[in-house]
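This report is written for someone meeting the structure for the first time. It goes through the strands, the core and the ligand shell in turn.

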Amino acid sequence: MAQFEKSRWADNGFSRNYRDEADIYLPQRRHFIEMALSFYGHFIAANRAARILDLGCGDGLFIQQLLQSQAPAEVTLVDGSEAMLAAAKARLGERADIRFIRANFQDLLRHEPFPCNFDFVYSSLAVHHLATAEKKELYASIYRHLASGGCFVHYDVVLPCSDRLEKWYLSLWRQWIREQPDMGKGEKLLTIPEQYKGNQDNMPDSLEVQLAMLKQIGFQHVDCYYKYGIFALFGGSR
Ligand SMILES: C[S@@+](CC[C@H](N)C(=O)[O-])C[C@H]1O[C@@H](n2cnc3c(N)ncnc32)[C@H](O)[C@@H]1O
(Lines give C-alpha, C1' and ligand atoms only; values in the text may rest on other atoms or scores of the structure.)
Protein backbone atom coordinates (compact mmCIF):
# COMPACT_ATOMS: atom_id res chain seq x y z
CA MET A 1 0.00 0.00 0.00
CA ALA A 2 1.27 3.49 -0.89
CA GLN A 3 2.26 5.42 2.23
CA PHE A 4 1.88 9.18 2.28
CA GLU A 5 4.38 9.65 5.13
CA LYS A 6 7.12 8.01 3.06
CA SER A 7 6.33 10.00 -0.09
CA ARG A 8 8.02 13.22 -1.16
CA TRP A 9 4.83 15.13 -0.33
CA ALA A 10 5.56 14.65 3.35
CA ASP A 11 8.69 16.82 2.80
CA ASN A 12 7.84 20.53 3.26
CA GLY A 13 10.65 21.62 0.90
CA PHE A 14 9.24 19.47 -1.89
CA SER A 15 5.72 20.83 -1.43
CA ARG A 16 7.10 24.42 -1.30
CA ASN A 17 8.84 23.89 -4.67
CA TYR A 18 5.59 22.58 -6.12
CA ARG A 19 3.68 25.66 -5.00
CA ASP A 20 6.35 27.95 -6.48
CA GLU A 21 6.83 26.18 -9.79
CA ALA A 22 3.69 24.21 -10.72
CA ASP A 23 2.25 26.97 -12.91
CA ILE A 24 5.42 26.91 -15.00
CA TYR A 25 5.98 23.20 -15.44
CA LEU A 26 2.44 21.75 -15.51
CA PRO A 27 1.27 21.94 -19.13
CA GLN A 28 -1.96 23.89 -19.54
CA ARG A 29 -2.61 23.76 -15.79
CA ARG A 30 -4.81 26.87 -15.87
CA HIS A 31 -6.74 25.51 -18.85
CA PHE A 32 -7.42 22.21 -17.07
CA ILE A 33 -8.78 24.22 -14.14
CA GLU A 34 -10.95 26.28 -16.51
CA MET A 35 -12.33 23.06 -18.02
CA ALA A 36 -13.19 21.68 -14.55
CA LEU A 37 -14.84 25.00 -13.68
CA SER A 38 -16.80 24.90 -16.93
CA PHE A 39 -18.00 21.40 -16.04
CA TYR A 40 -18.99 22.67 -12.60
CA GLY A 41 -20.77 25.72 -14.05
CA HIS A 42 -22.69 23.58 -16.53
CA PHE A 43 -23.74 20.70 -14.29
CA ILE A 44 -23.62 21.85 -10.65
CA ALA A 45 -23.69 25.62 -10.17
CA ALA A 46 -27.48 25.91 -10.42
CA ASN A 47 -27.51 24.19 -7.03
CA ARG A 48 -27.08 27.28 -4.81
CA ALA A 49 -25.91 25.32 -1.80
CA ALA A 50 -23.54 22.85 -3.44
CA ARG A 51 -21.31 20.77 -1.19
CA ILE A 52 -17.85 20.33 -2.63
CA LEU A 53 -14.94 18.08 -1.71
CA ASP A 54 -11.37 18.61 -3.00
CA LEU A 55 -9.17 15.56 -2.38
CA GLY A 56 -5.43 16.35 -2.30
CA CYS A 57 -6.24 20.07 -2.43
CA GLY A 58 -2.65 21.33 -2.24
CA ASP A 59 -2.67 25.08 -1.62
CA GLY A 60 -6.36 25.45 -2.52
CA LEU A 61 -5.92 27.08 -5.93
CA PHE A 62 -8.85 25.25 -7.52
CA ILE A 63 -11.28 26.08 -4.72
CA GLN A 64 -10.18 29.72 -4.78
CA GLN A 65 -10.92 29.90 -8.51
CA LEU A 66 -14.24 28.13 -8.02
CA LEU A 67 -15.39 30.46 -5.24
CA GLN A 68 -14.38 33.49 -7.32
CA SER A 69 -16.26 32.44 -10.43
CA GLN A 70 -19.24 30.39 -9.23
CA ALA A 71 -22.12 30.56 -6.78
CA PRO A 72 -21.27 30.21 -3.07
CA ALA A 73 -20.75 26.67 -1.87
CA GLU A 74 -19.84 24.68 1.20
CA VAL A 75 -16.35 23.31 0.76
CA THR A 76 -14.24 20.56 2.33
CA LEU A 77 -10.53 20.43 1.49
CA VAL A 78 -8.45 17.35 2.31
CA ASP A 79 -4.70 16.88 2.07
CA GLY A 80 -2.12 14.69 3.79
CA SER A 81 0.37 17.55 4.08
CA GLU A 82 0.21 20.05 6.94
CA ALA A 83 2.30 22.51 4.89
CA MET A 84 -0.12 22.31 1.96
CA LEU A 85 -3.15 22.81 4.21
CA ALA A 86 -1.44 25.82 5.84
CA ALA A 87 -0.88 27.29 2.36
CA ALA A 88 -4.54 26.58 1.49
CA LYS A 89 -5.69 28.32 4.69
CA ALA A 90 -3.48 31.31 3.87
CA ARG A 91 -4.96 31.48 0.36
CA LEU A 92 -8.62 31.00 1.31
CA GLY A 93 -8.77 32.39 4.84
CA GLU A 94 -10.64 30.82 7.74
CA ARG A 95 -14.35 30.87 6.84
CA ALA A 96 -17.43 29.14 8.21
CA ASP A 97 -18.21 27.62 4.80
CA ILE A 98 -14.74 26.06 4.37
CA ARG A 99 -13.48 23.02 6.26
CA PHE A 100 -9.87 21.79 6.18
CA ILE A 101 -9.08 18.16 6.99
CA ARG A 102 -5.59 16.75 7.30
CA ALA A 103 -5.83 13.12 6.24
CA ASN A 104 -4.22 10.82 3.76
CA PHE A 105 -6.39 8.91 1.32
CA GLN A 106 -5.65 5.61 3.04
CA ASP A 107 -7.06 7.00 6.33
CA LEU A 108 -10.12 8.25 4.49
CA LEU A 109 -10.76 4.76 3.15
CA ARG A 110 -10.50 3.29 6.64
CA HIS A 111 -12.58 5.89 8.49
CA GLU A 112 -14.80 7.62 5.91
CA PRO A 113 -15.02 10.78 8.05
CA PHE A 114 -17.55 12.77 6.00
CA PRO A 115 -20.91 13.34 7.67
CA CYS A 116 -22.57 14.45 4.41
CA ASN A 117 -22.76 13.60 0.74
CA PHE A 118 -21.22 15.89 -1.87
CA ASP A 119 -22.54 17.41 -5.08
CA PHE A 120 -19.09 17.77 -6.58
CA VAL A 121 -15.88 15.91 -5.81
CA TYR A 122 -12.71 17.22 -7.42
CA SER A 123 -9.17 15.96 -7.26
CA SER A 124 -6.07 17.09 -9.13
CA LEU A 125 -2.67 15.46 -9.51
CA ALA A 126 -2.83 13.46 -6.28
CA VAL A 127 -4.55 10.10 -6.83
CA HIS A 128 -1.78 8.76 -9.10
CA HIS A 129 0.17 8.20 -5.87
CA LEU A 130 -2.18 5.31 -5.06
CA ALA A 131 -1.77 1.75 -6.34
CA THR A 132 -4.40 0.45 -8.77
CA ALA A 133 -6.53 -1.35 -6.16
CA GLU A 134 -6.39 1.70 -3.86
CA LYS A 135 -7.55 3.97 -6.68
CA LYS A 136 -10.53 1.72 -7.25
CA GLU A 137 -11.37 1.74 -3.53
CA LEU A 138 -11.10 5.52 -3.46
CA TYR A 139 -13.32 5.92 -6.53
CA ALA A 140 -15.90 3.60 -4.94
CA SER A 141 -15.77 5.64 -1.74
CA ILE A 142 -16.24 8.85 -3.75
CA TYR A 143 -19.25 7.27 -5.44
CA ARG A 144 -20.76 6.38 -2.05
CA HIS A 145 -20.27 9.98 -0.92
CA LEU A 146 -21.88 11.58 -3.97
CA ALA A 147 -25.41 12.90 -3.71
CA SER A 148 -27.78 11.82 -6.46
CA GLY A 149 -26.78 13.74 -9.61
CA GLY A 150 -23.42 14.60 -8.03
CA CYS A 151 -20.25 14.54 -10.12
CA PHE A 152 -16.63 13.52 -9.74
CA VAL A 153 -14.06 15.39 -11.85
CA HIS A 154 -10.50 14.16 -11.78
CA TYR A 155 -7.48 15.91 -13.30
CA ASP A 156 -4.42 13.67 -13.13
CA VAL A 157 -1.54 12.07 -14.97
CA VAL A 158 -2.36 8.81 -16.72
CA LEU A 159 -0.19 6.01 -18.09
CA PRO A 160 0.02 6.12 -21.90
CA CYS A 161 -1.01 2.93 -23.67
CA SER A 162 2.43 2.41 -25.31
CA ASP A 163 6.10 3.37 -24.77
CA ARG A 164 6.06 5.05 -28.16
CA LEU A 165 3.27 7.40 -27.12
CA GLU A 166 4.84 7.97 -23.72
CA LYS A 167 8.08 9.19 -25.32
CA TRP A 168 6.14 11.68 -27.42
CA TYR A 169 4.04 12.89 -24.46
CA LEU A 170 7.15 13.40 -22.31
CA SER A 171 8.81 15.36 -25.12
CA LEU A 172 5.63 17.49 -25.45
CA TRP A 173 5.88 18.16 -21.73
CA ARG A 174 9.55 19.25 -22.02
CA GLN A 175 8.63 21.48 -24.94
CA TRP A 176 5.91 23.13 -22.83
CA ILE A 177 8.41 23.88 -20.06
CA ARG A 178 11.02 25.18 -22.51
CA GLU A 179 8.51 27.63 -24.00
CA GLN A 180 7.40 29.19 -20.70
CA PRO A 181 8.36 32.88 -20.51
CA ASP A 182 8.74 32.65 -16.69
CA MET A 183 11.20 29.79 -16.82
CA GLY A 184 13.62 31.60 -14.51
CA LYS A 185 14.76 28.28 -13.03
CA GLY A 186 16.49 27.40 -16.32
CA GLU A 187 17.46 23.85 -17.12
CA LYS A 188 16.40 22.50 -13.73
CA LEU A 189 12.71 22.43 -14.62
CA LEU A 190 13.41 20.64 -17.89
CA THR A 191 14.28 17.52 -15.89
CA ILE A 192 10.82 17.41 -14.24
CA PRO A 193 9.33 14.96 -16.80
CA GLU A 194 12.24 12.53 -16.21
CA GLN A 195 11.98 13.00 -12.44
CA TYR A 196 8.26 12.26 -12.69
CA LYS A 197 8.96 9.07 -14.64
CA GLY A 198 11.72 7.91 -12.28
CA ASN A 199 9.86 8.56 -9.03
CA GLN A 200 8.34 5.41 -7.56
CA ASP A 201 5.72 7.47 -5.71
CA ASN A 202 4.05 7.99 -9.08
CA MET A 203 1.83 5.04 -9.98
CA PRO A 204 -0.39 6.25 -12.82
CA ASP A 205 -2.85 3.83 -14.38
CA SER A 206 -4.06 4.17 -17.94
CA LEU A 207 -7.07 6.30 -18.71
CA GLU A 208 -8.78 3.24 -20.19
CA VAL A 209 -8.38 1.26 -16.96
CA GLN A 210 -9.61 4.13 -14.81
CA LEU A 211 -12.64 4.90 -17.00
CA ALA A 212 -13.53 1.20 -16.85
CA MET A 213 -13.23 1.28 -13.03
CA LEU A 214 -15.60 4.25 -12.81
CA LYS A 215 -18.17 2.53 -15.03
CA GLN A 216 -17.91 -0.70 -13.08
CA ILE A 217 -18.50 1.16 -9.81
CA GLY A 218 -21.70 2.62 -11.26
CA PHE A 219 -20.72 6.13 -12.39
CA GLN A 220 -22.75 7.49 -15.33
CA HIS A 221 -21.60 9.82 -18.11
CA VAL A 222 -18.06 8.54 -17.69
CA ASP A 223 -15.69 10.17 -20.14
CA CYS A 224 -12.40 11.93 -20.62
CA TYR A 225 -13.40 15.60 -20.78
CA TYR A 226 -9.99 16.96 -21.83
CA LYS A 227 -6.48 15.60 -22.42
CA TYR A 228 -2.98 16.93 -23.16
CA GLY A 229 -0.20 14.33 -23.34
CA ILE A 230 -0.18 12.36 -20.09
CA PHE A 231 -2.51 14.88 -18.38
CA ALA A 232 -6.23 14.08 -18.42
CA LEU A 233 -9.49 15.43 -17.01
CA PHE A 234 -12.03 12.68 -16.60
CA GLY A 235 -14.82 11.51 -14.34
CA GLY A 236 -18.46 10.64 -14.06
CA SER A 237 -21.74 11.34 -12.29
CA ARG A 238 -23.99 9.48 -9.91
C1 LIG B 1 0.81 17.61 -7.16
S2 LIG B 1 0.09 18.16 -5.68
C3 LIG B 1 -1.48 18.74 -6.30
C4 LIG B 1 -2.09 19.76 -5.40
C5 LIG B 1 -3.37 20.41 -5.97
N6 LIG B 1 -4.45 19.45 -6.10
C7 LIG B 1 -3.06 21.06 -7.28
O8 LIG B 1 -3.60 20.64 -8.31
O9 LIG B 1 -2.24 21.98 -7.28
C10 LIG B 1 -0.39 16.62 -4.90
C11 LIG B 1 -1.10 16.86 -3.57
O12 LIG B 1 -1.62 15.61 -3.12
C13 LIG B 1 -1.29 15.43 -1.76
N14 LIG B 1 -1.18 13.98 -1.57
C15 LIG B 1 -0.34 13.14 -2.20
N16 LIG B 1 -0.55 11.87 -1.80
C17 LIG B 1 -1.56 11.91 -0.89
C18 LIG B 1 -2.23 10.94 -0.09
N19 LIG B 1 -1.92 9.64 -0.16
N20 LIG B 1 -3.19 11.36 0.76
C21 LIG B 1 -3.53 12.69 0.83
N22 LIG B 1 -2.93 13.66 0.12
C23 LIG B 1 -1.96 13.28 -0.74
C24 LIG B 1 0.03 16.18 -1.57
O25 LIG B 1 0.26 16.55 -0.22
C26 LIG B 1 -0.17 17.37 -2.48
O27 LIG B 1 -0.78 18.45 -1.83
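What follows describes a predicted model, beginning with the strands.

Strand β4, which spans residues 118-124, is mostly covered, since seven of its seven residues are buried. Strand β1, made up of residues 50-55, runs parallel to β4 and is joined to it by four bridges, with L53 standing opposite V121 of β4. β4 also pairs with β5 in the parallel sense, over six bridges, and here F120 has C151 of β5 as its bridge partner. Together with helix α6, residues 132-144, the strands β4 and β5 make a right-handed β-α-β unit.

| Pairing | Sense | Bridges | Residue pair |
|---|---|---|---|
| β4 and β5 | parallel | six bridges | F120 and C151 |

The largest nonpolar core holds 47 residues, and those touching the most other members are A36, I52, F120, V121, Y122, F152 and L233. The largest share of this core, six residues, comes from strand β5, which covers residues 146-157. As for L233, when residues up to four places away in sequence are not counted, its contacts are F32, M35, A36, V153, Y155, Y225 and Y226.

The ligand, finally, is surrounded by 19 residues, of which G56, G58, G80, S124 and A126 are the closest.

Terms used:
Residues are numbered from 1 along each chain as its sequence is written. This is a predicted model: local features need pLDDT of at least 70, side-chain atom pairs count only at pLDDT 80 or more; totals for chains, interfaces and linings use all residues. A residue is near a molecule or strand if its C-beta atom, placed from the backbone, lies within 6 Å of it. A nonpolar core is a set of buried Ala, Val, Leu, Ile, Met, Phe, Trp, Tyr and Cys residues joined through C-beta atoms within 7 Å. A residue is buried if 20 or more other C-beta atoms lie within 10 Å of its own, exposed if 12 or fewer, and partly exposed in between; C-beta atoms are placed from the backbone. Helices (H or I, at least four residues) and strands (E, at least two) are DSSP runs, numbered from the N terminus. Two residues are in contact if their C-beta atoms, placed from the backbone, lie within 7 Å. Two strands pair if DSSP finds at least two bridges between them. A crossover is right-handed if, with the strands pointing away from the viewer, the path from the first strand over the helix to the second runs clockwise.
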